[in-house]
Amino acid sequence: MNNYSPLRTFVFMCAMIQIVKPAIFSFRECLWFLDRGYDDCLFRISDGTVTKLIQLGTEPVLFRIREAGDHLQVEILKGKLSEEQVPQLRDYIIEWFDMHQDLGPFYTLLQKDKMLQYMPKDFEGLRLISIADLFEALCWSIIGQQINLTFAYKLKRRLVEAYGTAIEHDGHVYHLFPSPHILASLSVEDLRPMQYSQSKAKYLIGIAQAFASNQLNKEMLLALPDFHSKQQALTAHKGIGIWTANYALMKTLRLAEAIPYGDVGLLKALETHNIIKERTESEKINRFFKKYKGWETYLVFYLWRSLAAPAFHKK
DNA sequence: AACCAGGCTGCGC
DNA sequence: GCGCAGCATGGT
C-alpha cells in the first residue's frame with residue numbers, strides 16, 4: 001500500500017476528527033442560536049457541546065463536537081466510520097456551521113449601517129446554521145408555515161419520534177429525521193392525531209412522495225443553472241410557496257438571494273430596527289436588501305438572531 | 001379571549 | 001399578474 005498514512009490511521013482508530021476554526025467564527029454563538037429556547041429534537045446541546053445522529057452509510061453515527069483551542073474536536077460516540085466516511089463527516093460539520101465563508105465583507109457592510117452596526121460585535125462569529133438535507137429542510141419549513149415556532153417544534157418532534165430512527169446513548173435518545181420513503185407511505189389520517197392540519201399533512205406526504213420517487217432531490221436542484229429555476233423546481237410542488245422554497249434554498253444550498261419574503265420574523269426585525277414602519281413596504285425592503293448583495297440571507301439570519309429573547313443576549 | 005404565528009391555495013378580477 | 005378570503009390549530 002503506497003498510500004498508507006500513519007496519521008490517518010491514527011485518526012481513524014481514535015475516532016477523533018479535528019477541524020480548524022476559520023477566522024470570525026464562534027462555536028459558542030452558533031450553539032447559542034441552536035439552543036435559543038426552543039426544543040429541537042434533532043440534536044442535543046450540553047456543556048458547550050452539541051451531539052447529533054447522522055447517517056453516512058448504512059449505520060447511523062452519533063457524534064459530539066466540542067471546542068478545543070483553535071479547532072473543533074469531533075468525537076464518535078456510537079457507530080463506526082469507514083475511512084471514506086471520516087472526510088464526509090468533516091465536510092458535513094463544515095457545512096452545518098458554514099465554516100467556509102469569510103464573514104469579513106459582511107461585517108464591513110453591517111458597520112456602515114447605523115441600525116445594524118452593533119451586530120458584528122454582539123453576534124460575532126455567528127454562522128448561518130444550515131440544514132444539509134433538502135427533504136428535512138422542506139418538511140421543516142412546511143411544518144413551520146403560519147404557526148408559532150414553539151408549536152412547530154412540537155409538531156416536528158412528534159413526527160420524528162414516531163417515524164425517525166432512534167438510538168439511545170448515555171440515557172438520551174437521538175433521532176434521525178424520517179426518510180422520504182417512510183413519510184411517503186403515510187396517509188393524512190396518520191398525522192392528524194399529531195395536530196397536523198389537513199393541508200399540512202397532505203403537503204408533507206406529497207413532498208415525501210416526490211423525493212421517494214426521485215422527482216426531486218438536492219443534486220437535481222444543484223444542477224439547475226440559476227436561482228429562478230431552482231426556486232421554480234420547488235414551488236412546482238403543492239405546499240411550497242416562495243417563502244418555503246427560499247427558506248430551503250437558504251438553509252440547504254445557502255444561497256444569498258433566497259430571501260424568505262413575507263417572513264413574519266424578518267418583518268418584525270425590520271420594524272424593530274426602524275428599517276420599515278409598515279409590513280407592506282416591499283419596495284423599501286427591496287432597497288434595503290440591495291445594499292447587502294451577496295449577503296442577503298446572512299442578514300436575514302442575523303435579523304432572526306436579533307429577535308431572540310433579551311435574556312439570552314450575551315453581554 | 002382576542003389576536004397572532006418563521007404561509008399556501010384557489011378564486012375573482 | 002394581483003389582491004384577498006379562507007384555512008387550521010396551538011400560544012400568549
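Author: Axes are lines fitted to C-alpha atoms, for helices over the stretch in contact, and angles run from 0 to 180 degrees between N-to-C directions. You are looking at a predicted model, in which local features need pLDDT of at least 70, side-chain atom pairs count only at pLDDT 80 or more, and totals for chains, interfaces and linings use all residues. Residues are numbered from 1 along each chain as its sequence is written, chains are lettered from A and ligands numbered from 1 in the order in which they are written, and side-chain values use heavy atoms, with hydrogens and water left out.

Reader: Which angle do the axes of helix α6 and helix α10 make?

Author: Helix α6 (residues 134-143) and helix α10 (residues 198-212) have axes that cross at roughly 170 degrees and come within 10 Å. The pair is therefore roughly antiparallel, the word for angles over 145 degrees, while angles under 35 count as roughly parallel, 65 to 115 as roughly perpendicular and the rest as oblique. Contact (heavy atoms within 4.5 Å) brings Leu 134, Phe 135, Leu 138, Cys 139, Ile 142 and Ile 143 of α6 up to Lys 200, Tyr 203, Leu 204, Ile 207, Ala 208 and Phe 211 of α10.

Reader: What makes a residue in that contact nonpolar, polar or charged?

Author: Ala, Val, Leu, Ile, Met, Phe, Trp, Tyr, Cys and Pro count as nonpolar, Asp, Glu, Lys and Arg as charged, and the others, Gly among them, as polar. By that list, the contact of α6 with α10 has 11 nonpolar, no polar and one charged residues.

Reader: What makes two strands a pair?

Author: Two strands pair if DSSP finds at least two bridges between them; the strands themselves are DSSP runs (E, at least two residues), just as helices are runs of H or I with at least four, all numbered from the N terminus. Strands β1 and β5 pass with five bridges, and Gln 18 stands opposite Gln 73 in β5. Between β4 and β5 there are seven bridges, with Arg 64 opposite Glu 75. β3 (residues 49-55) and β4 (residues 60-68) share six, and Ile 54 faces Val 61 there.

Reader: Which strands are the edges of the open sheet?

Author: This sheet of five strands has the order β1-β5-β4-β3-β2, with antiparallel pairing. Its edges are β1 (16-20) and β2 (44-46), each of which pairs on one side only. Neighbouring strands are turned by 25 degrees against each other on average, direction ignored. Helix α3 (residues 85-96) lies across β1, β3, β4 and β5 (71-78), at about 40 degrees to β1.

Reader: Which residue in the turn between β6 and β7 has a positive phi?

Author: Asp 170 does, at about 55 degrees, in a hairpin with two residues between the strands. β6 (residues 166-169) and β7 (residues 172-175) pair in the antiparallel sense over four bridges.

Reader: How do you know where to be careful with the model?

Author: Look at pLDDT, the predictor's confidence in each residue, from 0 to 100. Chain A has a mean of 93, with 93% of its residues at 70 or more. Over residues 1-13, though, pLDDT stays under 50, as it does over residues 311-315. Where pLDDT is low, the predicted coordinates should not be read in detail.
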